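Hi,

Here is the structure I promised to pass on.

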Amino acid sequence: MSGPNAPLYAKRSLRVINAESDDGSTEYKRQVHKLSTSRLHTLATQMSYRLDEGHGRCTYHIGVEDDGCHSVLDYSAVSESAWVLESIARSLNAVVLERKM
C-alpha cells in the first residue's frame, strides 16, 4: 500500500543492521512495554536462551525490527523498553554491562 494513507511501517526502509537470526546471542526488540505476567515470563525465557547462546553474554537492540530496519520510536519509548529489559536481566541474575542510547 502506498500513498498518504499508507501505514507508517510501510514507509520504514532504513536498514541499520542485518536481519535477526533465530540463533545466537543477539535479539532485536521494537518496543517492550505494558507487559502481562505471561509475556514477562516469555521474554525472560528468551533472554535466558540468548545468554546461553552467548556463553553468559547477549546483546539487545531496541527500536529495531526483526528484518534489521529502524523502528520509529521516541526516546521515552526506548528508555522504557531498556528499563524493562534490565529488570528481566536482574531477575535472571544477569548484569547490564553497557547501555547505549
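Before the notes start, one term: by contact, or touching, I mean heavy atoms within 4.5 Å. The model is a predicted one, in which local features need pLDDT of at least 70 and side-chain atom pairs count only at pLDDT 80 or more, while totals for chains, interfaces and linings use all residues. Residues are numbered from 1 along each chain as its sequence is written, and side-chain values use heavy atoms, with hydrogens and water left out.

First, the overall layout. The chain has three helices and two strands, running α-β-α-β-α from the N terminus on. Those are DSSP runs numbered from the N terminus: H or I with at least four residues for helices, E with at least two for strands. Of the 101 residues, 28% count as buried. On that scale, buried is under 20% relative accessible area, exposed is over 50%, and partly exposed is in between (1.4 Å probe, protein chains only). Among contacts between residues at least 6 apart in sequence, 67% join residues at least 24 apart.

Now the helix pair. Two packed helices are described by the angle between their axes and the distance between the axes. Helix 2 (residues 37-53) and helix 3 (residues 75-91) pack at about 70°, and their axes are 10 Å apart. That makes helix 2 roughly perpendicular to helix 3. The axes are lines fitted to C-alpha atoms, for helices over the stretch in contact, and angles run from 0 to 180 degrees between N-to-C directions. As for the wording, under 35 degrees is roughly parallel, over 145 roughly antiparallel, 65 to 115 roughly perpendicular, and the rest oblique.

Which residues make the contact? Helix 2 supplies Leu40, Leu43, Ala44 and Met47, and helix 3 supplies Val84, Leu85, Ile88 and Ala89. They divide into eight nonpolar, no polar and no charged. The classes are Ala, Val, Leu, Ile, Met, Phe, Trp, Tyr, Cys and Pro as nonpolar, Asp, Glu, Lys and Arg as charged, and the others, Gly among them, as polar.

Next, lysine 29, which sits in strand 1. Is lysine 29 buried or exposed? Its relative accessibility is 9%, so lysine 29 counts as buried. Leaving aside neighbours within four places in sequence, lysine 29 is in contact with Arg39, Leu43, Gln46, Tyr60, His61, Ile62, Gly63 and Val64. The side chain of lysine 29 also makes a polar contact with the side chain of glutamate 27, at 3.3 Å. A polar contact is a pair of N or O atoms within 3.5 Å; within protein, one must be able to donate a hydrogen and the other to accept it, and residues adjacent in sequence count only if both atoms are side-chain atoms.

Then there is glutamate 20, in the loop between helix 1 (8-11) and strand 1 (26-29). Its side chain reaches the backbone nitrogen of tyrosine 28 at 2.7 Å. Not counting residues up to four places away in sequence, glutamate 20 touches Thr26, Glu27, Tyr28, Arg50 and Asp66.

Aspartate 66 belongs to the loop between strand 2 and helix 3 and, at 49% relative accessibility, counts as partly exposed. With residues up to four places away in sequence left out, aspartate 66 touches Ala19, Glu20 and Tyr28. The C-alpha atoms of aspartate 66 and alanine 19 are separated by 5.8 Å, although the two are 47 residues apart along the chain.

At 34% relative accessibility, glutamate 53 counts as partly exposed.

Finally, the backbone. Most residues other than glycine have a negative phi. Lysine 34, in the loop between strand 1 and helix 2, has a positive phi near 45°, and is exposed with a relative accessible area of 76%. Asparagine 93, in the segment after helix 3, has a positive phi near 60°, and is exposed at 72%.

Cheers
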